[in-house]
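Open the model in your viewer and keep the selection tool at hand. This tour goes from the whole chain to single residues.

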Amino acid sequence: MAQRYVVIDLETTGNSPKKGDRIIQFAAVVIENDKIVDEYSTYLQPEQSISIFIEELTGINNDTVKDAPLFEEVAERICALLEGACFVAHNVLFDLSFLKEELERCGYEPFYGSTIDTVELAKILKPTADGYKLNQLAKEENLEHPRPHQADSDAYVTALLLLQLKKKLYSLPVMTLKKLSKLSYSLKSEIAELIDECLTAKLSKAERHNPAIETFR
């Protein structure tokens, strides 16, 4: 069965869930069979004031979230979205740590499945990129990113980026993918699983030799 990916992006009141910072916007984009099949986003009431800095960064203020649901009201839906999926995010540890804190606070099990960090994946597949911020990579890949630092826009662009990077990965020769596979088990996220998925798909049919590629050692 093909892997199901859920691409997550969060906007928050700060950068430290351990210090009490909370989520103010949650967005998820679901990918199955290399197609976007579902999207979900919601503002969240953080039960604390949103700072001017965060308001200027995200465009989200106290009025935006005053009638929004609490995290505990949507936690069950978020858990259902993540069940059996690979968790994808641009700088995955940030989003994962916030979700873990919130789920545990509300009495739910945190996410224990595989993760893919699109920053880490982009560094492998685009080693000469000018930078690895989402807006920089979106520009390089000609992806429209109309509202940076809004979770729904960021999650959608990250999903498109993942699909682009997966295509690049699949275009590599089998020999290269085998070498990458051996190296990838020391990475922070489970990119090894994605590489192995591409390898399995490529090995299922005869590979056409690309005369422009030279094998060295």
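Start by selecting F111. F111 is buried, at a relative accessible area of 17%; buried means under 20%, exposed over 50% and partly exposed in between, with a 1.4 Å probe and protein chains only.

A word on ground rules. This is a predicted model, where local features need pLDDT of at least 70 and side-chain atom pairs count only at pLDDT 80 or more, while totals for chains, interfaces and linings use all residues. Residues are numbered from 1 along each chain as its sequence is written, and side-chain values use heavy atoms, leaving out hydrogens and water.

**Zoom out: the whole chain**

Switch to cartoon. The chain has nine helices and five strands. These are DSSP runs numbered from the N terminus: helices are H or I with at least four residues, strands are E with at least two.

Now show the C-alpha trace. Along its principal axes it spans about 60 × 35 × 30 Å.

The chain exposes about 12,200 Å², with carbon and sulfur atoms supplying 51% of it. The areas come from the Shrake-Rupley method with a 1.4 Å probe. Of the 217 residues, 48% count as buried.

How many of the contacts with a separation of 6 or more join residues 24 or more positions apart? The share is 65%. Contact means heavy atoms within 4.5 Å.

**Stop 1: the aromatic pairs**

The structure holds three aromatic pairs. Rings of Phe, Tyr and Trp (its six-membered ring) pair if their centres lie within 6.5 Å; planes under 30 degrees apart count as stacked, over 60 as edge-to-face and the rest as tilted.

Select F26 and Y40. Their ring centres are 6.1 Å apart and their planes stand at 50 degrees, so this pair is tilted. F26 sits in strand 2 (residues 23-32) and Y40 in strand 3 (residues 35-43), so the pair ties together parts 14 residues apart in sequence. F26 is buried at 0% relative accessible area. Y40 also counts as buried, at 13%.

F87 belongs to strand 4 (residues 86-89), while F111 is in the loop between helix 4 (92-105) and strand 5 (115-117), 24 residues apart. F87 is buried, at 0% relative accessibility.

**Stop 2: S16**

Select S16, in the loop between strand 1 (4-12) and strand 2. Is S16 buried or exposed? S16 is buried, with a relative accessible area of 15%. Leaving aside neighbours within four places in sequence, S16 is in contact with D21 and F98.

**Stop 3: V29**

Move to V29 in strand 2. V29 counts as buried at 1% relative accessibility. Which residues does V29 touch, not counting those up to four places away in sequence? They are Y5, V6, V7, I36, D38, E39, A155, Y156 and A159.

Finish with a distance. Pick the C-alpha atoms of V29 and K100: 18 Å apart in space, 71 residues apart in sequence.
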